[in-house]
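Please keep the model open beside you as you go.

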Amino acid sequence: MGLEKKDYINMEPKELPPATDFIREIINADLESGRYGHPVHTRFPPEPNGYLHIGHAKSICLNYGIARQYGGKFNVRFDDTNPVKEDVEYTESIKKDVRWLGADWEDRLFYASDYFDQIYEFAEKLILAGKAYVCDLTADEIREYRGTLTEPGKESPYRNRSIDENLDLFRRMKAGEFPDGARTLRAKIDMASGNLNMRDPIMYRIIHASHHNTGDKWCIYPTYDWTHGQSDSLEGITHSICTLEFEDHRPLYDWYLEQLGIHHPRQIEFAKLYLNYTVLSKRNLLLLVKEKYVNGWDDPRMPTISGMRRRGYTPEAIRTFCEKIGVAKRDSVVDIALLEHCLREDLNLRARRVMAVIRPLKVVIENYPEGQTEEIEAVNNPENPAEGTRLVPFSREIYIEQDDFREDPPKKYFRLAPGTEVRLKHAYFIKCREVIKGNGGEIIELRCNYDPASKGGASPDGRKVKGTLHWVSVPHAFTAELRLYDTLFCKEDPQNVEEGKTFMDYLNPKSIEMVTDAKLEPSLAKAVPGDYFQFLRQGYFCVDEADSKPGVPIFNRSVGLRDSWAKIEQKQE
């Protein structure tokens, strides 16, 4: 996230950090020219009409990272201009997510609705300057009059009302005299402009609805385009950093500020984040929630920050991902394998290695003393020796994975088979002697012998075994529920739909697998949300923060062990 704030508090222009992307090049040029009389000031301006997703994380990391790197300030401001779609639930979730990612707004948490009085005064100022008018056209008529990309728009028949009439009507709109949709306030710019956003855009509409922040004070609400730039100005923002879809809105942003003659931040656009096998449209995510294709905004399959947190993603992994993908001027699709790679890299250092058998097969070690239990020392994390060791109970009966045994093994199968020997992790060598089957011919139990001299995984005679299996003692096993997740969509680009289909036709039917009878080593019964584990040979897991109960943890698989991105990098190198 750049250098520490203290390094840039008293920075001279010649000491500016090297520009690592085009946005920082612009900022360095502005600082060198003295364009602004105060330090860099950025903001993250979410609309509280849904939960944040991984694309918002990129914006948060960028804006906060720049503010911290340049010793400046960072605001969070809710652009809450549409009371019909907004909710306190969304504002609270957004605040939680921004904090969790590590961005600190200090005492600068704002709402665009905090400025509604000032923005209303700005609107009257434009009316008095002959730059705004009250229009009686319906929404459909405004769209019809707007024109197309190839044809100019038509002027509203109400465009040339007098200043006095416009001011009177606008104040009556504010007073609640007219019903929803009866009138709008529009900027008077250019209906023939090649930029459709400049064709007399709407500034205010009538909405008789209660607002989560202002209550019933207002029945007219400013549009996002009218509010955004003035809010930036009032907060002293220097660089209004936003995504590419706002590039065509920039002339309007500039026009409003110039007509008002107020502090003028510089708007800079960067490419949005797109991930394969994912949708990031808030509208589509809301549809998934409302239609119950997922279990809420925080479903671990969702690309929302709350869903990723519940799945086991760490803020460090997400910040690393955002740093690796960088900032570009053109939209592109990022491979989800890179995001998973960043998580593995982070969890590899912090996750404790434990043993969990997902699909158990019972093994009886016939020459091990009946009734005996011994404690086997196991390393908690070979990547972090400070994590130390723990003791794992071992007994005559253990569970191994069903997939770790083949009665008729293929070539190069190095796990357990009749007459073959394998190593039990941290424990002994065992050899399969007999296979016990049920009435239907299914394998229900294995009978094995062990080598008492091979404790710790090596034999005094120096013989080698190629397979190492994880295991859990039967009488000590803790039975738990595991949730194994995959991508939510089975198509790389779910938005690229065939005729007659929608993105929801590409939902992955195997995006979640519930395992209710997994056998875990007993220490895991005490696991709590916030704990991270590597289930040996299975993947990284965390404790589900929503459904777990004290003493009854439910484990979510955050990511598997196979790192396809690392292989991609190796090929590139």
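1. In what sense do strand 2 and strand 3 pair, and over how many bridges? Strand 2 (residues 73-78) pairs with strand 3 in the parallel sense, over three bridges. Keep in mind that this is a predicted model. Phe-78 stands opposite Tyr-111 of strand 3.

2. Stepping back to the whole sheet: three strands make up an open sheet with the order 1-2-3, and the pairing is parallel. Its edges are strand 1 (41-44) and strand 3 (109-111), each of which pairs on one side only. On average, neighbouring strands are turned by 35° against each other, direction ignored.

3. Now for the helices on this sheet. Helix 3 (residues 88-101) packs on it and touches strand 1, strand 2 and strand 3. The direction of helix 3 makes about 160° with that of strand 2. Helix 7 also lies across strand 1, strand 2 and strand 3, and runs at about 140° to strand 2.

4. Helix 7 (residues 224-235) has a helix partner to look at too: its axis and that of helix 8 (residues 250-260) come within 9 Å and cross at roughly 60°. Because of that angle, helix 7 counts as oblique to helix 8. The crossing is right-handed.

5. Sorted by class, the contact of helix 7 with helix 8 holds six nonpolar, four polar and two charged residues.

Note on methods. Residues are numbered from 1 along each chain as its sequence is written. This is a predicted model: local features need pLDDT of at least 70, side-chain atom pairs count only at pLDDT 80 or more; totals for chains, interfaces and linings use all residues. Side-chain values use heavy atoms; hydrogens and water are left out. Axes are lines fitted to C-alpha atoms, for helices over the stretch in contact, and angles run from 0 to 180 degrees between N-to-C directions. Helices (H or I, at least four residues) and strands (E, at least two) are DSSP runs, numbered from the N terminus. Angles under 35 degrees count as roughly parallel, over 145 as roughly antiparallel, 65 to 115 as roughly perpendicular and the rest as oblique. A crossing is left-handed if the near helix is turned anticlockwise from the far one by less than a right angle, and right-handed if clockwise. Ala, Val, Leu, Ile, Met, Phe, Trp, Tyr, Cys and Pro count as nonpolar, Asp, Glu, Lys and Arg as charged, and the others, Gly among them, as polar. Two strands pair if DSSP finds at least two bridges between them. Contact means heavy atoms within 4.5 Å.
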